[in-house]
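Subject: A structure for you to look at

Hello,

Here is the structure I promised to pass on to you. Please open it beside this email and follow along as you read.

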Amino acid sequence: MSVYPCINIRLNTITQNAQHMVATCKSHGISPAGVTKLACAYPEVGQAIINGGIHLLADSRIANLKKLQQLDAEKMLLRLPAISEACEVVRYADISLNSELATLQALSAEAVKQHRQHQVILMHDLGDLREGAFFEEETLALARLAITLPGIELVGLGTNLACYGGVEPSSENQSSLLTIAAKIETENQIKLKYVTGASSAGLNIMQRGELPRGVNQLRLGASLLMGIGLNDDPVPNTRQDTFDLSVEIIEIKVKPSLPANSTALDAFGNKPQFIDRGLRKRAICAIGKQDVDINQITPQDSSILVIGGSSDHLILDISDSDINYRVGSLVTFNLSYSGVLQCMTSEYVNKHFI
Ligand SMILES: *Cc1c(COP(=O)(O)O)cnc(C)c1O
């Protein structure tokens with residue numbers, strides 16, 4: 001495999017962010033779960049989170065939790081399990097988030113078969129309209145049934161916000177979650193270990209001191225890995241420099257900025273648009289839309305203009321840069337959340353852990 005394109009991953013930054021979040025969360029009664037999905041659960045990243053003091057790793061995919069198997073941490077599955085993967089869920093996850101009785105029954109049967117206890121957190125929907133029952137009575141009924149299932153231990157209640165519906169975590173919706181958790185505890189004479197209120201999007205209200213007492217877990221991914229939270233805003237006292245992308249220049253030529261006679265569609269079926277800037281120095285880099293959506297990457301050299309790309313080529317205008325780029329030079333880009341996700345997922349992008 002060639003060295004470039006290459007996503008650089010600074011593990012120290014992740015550890016520092018984790019250390020900082022553990023300390024801040026602790027002062028608000030929160031113990032964070034470390035979410036690895038943005039980095040496809042590379043074990044290096046999981047270990048960096050553990051080194052920062054977080055001992056519960058969480059991911060949406062069972063294939064990712066499998067990669068974390070050797071690490072010394074509890075594992076939590078974030079996406080509702082599919083019935084067809086019940087066997088692996090019980091094997092590789094200590095805890096899973098659930099909202100369906102049929103799935104709980106499948107997990108229960110598997111847990112009994114594997115002689116294991118599987119912990120479940122029920123998800124309740126507080127209006128963001130992704131997973132969980134929206135009606136309180138449904139969640140209460142599910143809890144009553146869950147505690148009767150062998151091999152299953154009901155350990156918590158959770159909700160997901162600011163993911164699909166753009167609903168912000170608030171003291172009101174967090175209090176509603178606590179109210180339902182209290183009802184589950186009273187009705188069933190149990191104590192819930194986790195009330196898990198939000199993702200990194202919940203850090204704002206936590207830091208303002210508006211998270212009601214009793215919510216005791218946030219599931220943190222973007223804030224640990226990229227130092228960002230609600231609306232992708234930077235989280236105070238965290239670093240945003242974990243990831244960047246290095247690509248190699250394979251051609252530099254001076255060319256007109258308008259195509260010779262543009263009549264056909266581009267490689268993606270769009271009618272291309274051009275701005276006439278006259279003759280410009282252009283560089284082609286060895287990366288393309290098969291690797292990453294080029295709207296999700298920003299050159300660190302701010303005098304570079306991204307003019308476009310195709311499946312395997314990225315075209316830059318480097319005329320205004322003070323740097324004397326040559327064929328073989330590297331250009332480094334900052335990445336958005338989805339840019340990181342795509343580069344981590346692509347088998348064509350080399351992963352360089354620093
Ligand atoms: C991805 C995910 C998270 C983490 O979200 P971040 O914004 O990365 O902190 C938390 N909970 C669930 C259910 C998720 O799917």
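Let's begin with strand E6, which covers residues 118–123 in this predicted model. How many of the six residues of E6 are buried? Six of the six are, so the strand is largely enclosed by the rest of the structure.

Now look at which way the side chains of E6 go. His118, Val120 and Leu122 point one way, while Gln119, Ile121 and Met123 point the other way. The residues on both sides are buried.

One is strand E5 (residues 95–98), which pairs with E6 in the parallel sense over four bridges. Here Asn98 stands opposite Leu122 of E6. The other is strand E7 (residues 152–158), again parallel to E6, with six bridges between them. Leu122 has Leu157 as its bridge partner in E7.

His115 lies in the loop between H5 and E6. Its phi is positive, about 55°, although His115 is not a glycine. Is His115 buried or exposed? His115 is exposed, with a relative accessible area of 75%. Leu129 sits in the loop between E6 and H6, and its phi is also positive, near 65°, in a residue other than glycine. Leu129 counts as exposed too, at 53% relative accessibility.

Next, please turn to the ligand. The residues around it include Val35, Lys37, Leu78, Arg130, Glu131 and Asn160. Also among them are Ser199, Ser200, Arg219, Leu220, Gly221 and Ala222. By class, this shell has four nonpolar, four polar and four charged residues.

- Lys37 has a side-chain N or O atom 2.7 Å from an oxygen atom of the ligand.
- Ser200 places a polar side-chain atom 2.5 Å from an oxygen atom of the ligand.
- Arg219 has a side-chain N or O atom 2.8 Å from a nitrogen atom of the ligand.

How much of the ligand does the protein cover? On its own, the ligand has 390 Å² of accessible area, and the protein covers 90% of that.

Two further places are left for your tour. Strands E13 (residues 305–309) and E14 (residues 314–317) run antiparallel and are joined by four bridges. Leu305 has Asp317 as its bridge partner in E14. A hairpin of four residues takes the chain from E13 to E14.

Finally, go to the segment before strand E1 (6–9), where you will find Pro5. The peptide bond that joins Tyr4 and Pro5 is cis, with omega about 0°.

Enjoy exploring, and write back with any questions.

Best wishes

Technical notes: Residues are numbered from 1 along each chain as its sequence is written. This is a predicted model: local features need pLDDT of at least 70, side-chain atom pairs count only at pLDDT 80 or more; totals for chains, interfaces and linings use all residues. Side-chain values use heavy atoms; hydrogens and water are left out. A residue is near a molecule or strand if one of its heavy atoms lies within 4 Å of it. A polar contact is a pair of N or O atoms within 3.5 Å; within protein, one must be able to donate a hydrogen and the other to accept it, and residues adjacent in sequence count only if both atoms are side-chain atoms. Accessible areas come from the Shrake-Rupley method with a 1.4 Å probe; for residues, only the protein chains shown count as cover. Ala, Val, Leu, Ile, Met, Phe, Trp, Tyr, Cys and Pro count as nonpolar, Asp, Glu, Lys and Arg as charged, and the others, Gly among them, as polar. Two strands pair if DSSP finds at least two bridges between them. Helices (H or I, at least four residues) and strands (E, at least two) are DSSP runs, numbered from the N terminus. Buried means under 20% relative accessible area, exposed over 50%, partly exposed in between (1.4 Å probe, protein chains only).
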